[in-house]
Amino acid sequence: MLDEIKISQAIINSYKKKLLKVLDVDVAIVGGGPSGLSCAYYLAKAKRSIVLLERKLSIGGGMWGGGMMFNEIVVQKKARLILDELRIATHPYKEDYYLAEAIEAVCGLGYRCMQAGVKIFNLISAEDVLIRKNRVCGLVLNWTAVELANLDVDPLTLRAKYVVDATGHAAEVVRVAEKKADIKLKTSTGKILGEKSMWAEVAETTILKNTKEVCPGLYVCGMAANAVFGSPRMGPIFGGMLLSGKKAASEIIKKLK
Ligand code: 48H
């Protein structure tokens, strides 16, 4: 006999346990797009405790739609190696261009992350950061539904040794840190420089340079890195996102040692 109350108890107890476990982690990643997922995968592979928070119902960010809703993504050879490692199929187009199915790429990234031990929480938004002694050391969280309904509901918090802003074009975490704390970012002006118009070649090279600790305790990767450091957007080539997430992970792994 199926008992609805037992089903409810199972879900509530299990979710509560999972949530309590991530209140103090090595790394908290905000944003479940390609860069956040890639970062989470490599950190979890290195046996670090990782939580990834995603505002929307689905992870995947801008990758589902490929280019203008043609659901294919293009990656370069270097990034193809990441997809190979995750067992996501690619096929050569020409020269250094490879194609993957956007949907397989999102699902594959999510699946490999979960298998590696990443705890993913969807429907939760990071609305603020915790800062102690001029260092970002955690996040302030609320249900996305609270944000959408514009309700006055106080948030909860989690602590992390490092926070990663993988929120895409908006660079939301860096933005809130810049606005609310008197923190000087490691940019030429100490402030967010803002994303520039499309130039794939420049964007895909600068993104790796821009992937770094932008102020103590806070890393930036993916499109957010180019937005913070004033580099161009790149359009529907996703290699830079995957490589940027991997780079942020490897830098944090070194720091955590
Ligand atoms: C929780 C949040 C919050 C928040 C946002 O946009 P994304 O896909 O980001 P990237 O950097 O991994 O990938 C960028 C890529 O998709 C892209 O847009 C490219 C290549 N553009 C080039 C161009 O020229 O346009 O994912 C970010 C994710 C999304 O799922 C958001 O919902 C989520 O972050 N998010 N989650 N709390 N405060 N803000």
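**The ligand and the pockets of a predicted model**

Biologist: How many charged residues does the shell around the ligand have?

Modeller: The structure is a predicted model. By class, the shell around the ligand divides into ten nonpolar and twelve polar residues, together with a charged group. The number of charged residues in this shell is five.

Biologist: Which residues are the closest to the ligand?

Modeller: The ligand is surrounded by 27 residues. The closest are Ser35, Glu54, Gly62, Arg233 and Gly235.

Biologist: What percentage of the area that the ligand exposes when taken alone does the protein bury?

Modeller: Taken alone, the ligand exposes 800 Å². Of that area, the protein buries 92%.

Biologist: Which element gives the largest share of the shell around the ligand?

Modeller: Helix H2 (34-45), strand E2 (50-54) and strand E7 (124-132) are the elements that give two or more residues to this shell. The largest share is three residues, and the element that gives them is E7.

Biologist: In which pocket does the ligand sit, and what is the volume of that pocket?

Modeller: The ligand sits in the largest pocket. The volume of the largest pocket is about 770 Å³.

Biologist: Which residues of the lining lie nearest the centre of the largest pocket?

Modeller: The lining of the largest pocket has 39 residues. At least two residues each come from H2, E2, E7 and helix H6 (172-180), and by class the lining holds 17 nonpolar, 17 polar and five charged residues. Nearest the centre lie Gly61, Gly62, Thr167, Gly168 and His169.

Biologist: Which element gives the most to the lining of the second largest pocket?

Modeller: The second largest pocket holds about 320 Å³ of space, and among the residues that line it are Val74, Gln76, Glu201 and Leu208. Strand E3 (72-76) and helix H7 (200-210) are the elements that give two or more residues to this lining. The most, five residues, comes from H7.

Biologist: How many charged residues are in the lining of the second largest pocket?

Modeller: This lining includes six nonpolar and two polar residues. The number of charged residues is four.

Methods:
Residues numbered from 1 in each chain as written. Predicted model: local features only at pLDDT ≥ 70, side-chain atom pairs only at ≥ 80, totals over all residues. Heavy atoms only, no water. Near = heavy atom within 4 Å. Areas by Shrake-Rupley, 256 points an atom, 1.4 Å probe, with all protein chains shown as cover. 1 Å grid on protein atoms, 1.4 Å probe; cavity = no way out; pocket = protein on both sides within 12 Å on 5 of 7 lines; lining within 4 Å. Sits in = over half its atoms within 2 Å of the grid points. Helix = DSSP H or I, 4+ residues; strand = E, 2+ residues; numbered from the N terminus. Nonpolar A, V, L, I, M, F, W, Y, C, P; charged D, E, K, R; others polar. Points joined across faces, edges and corners; volume = space filled by probe spheres on them.
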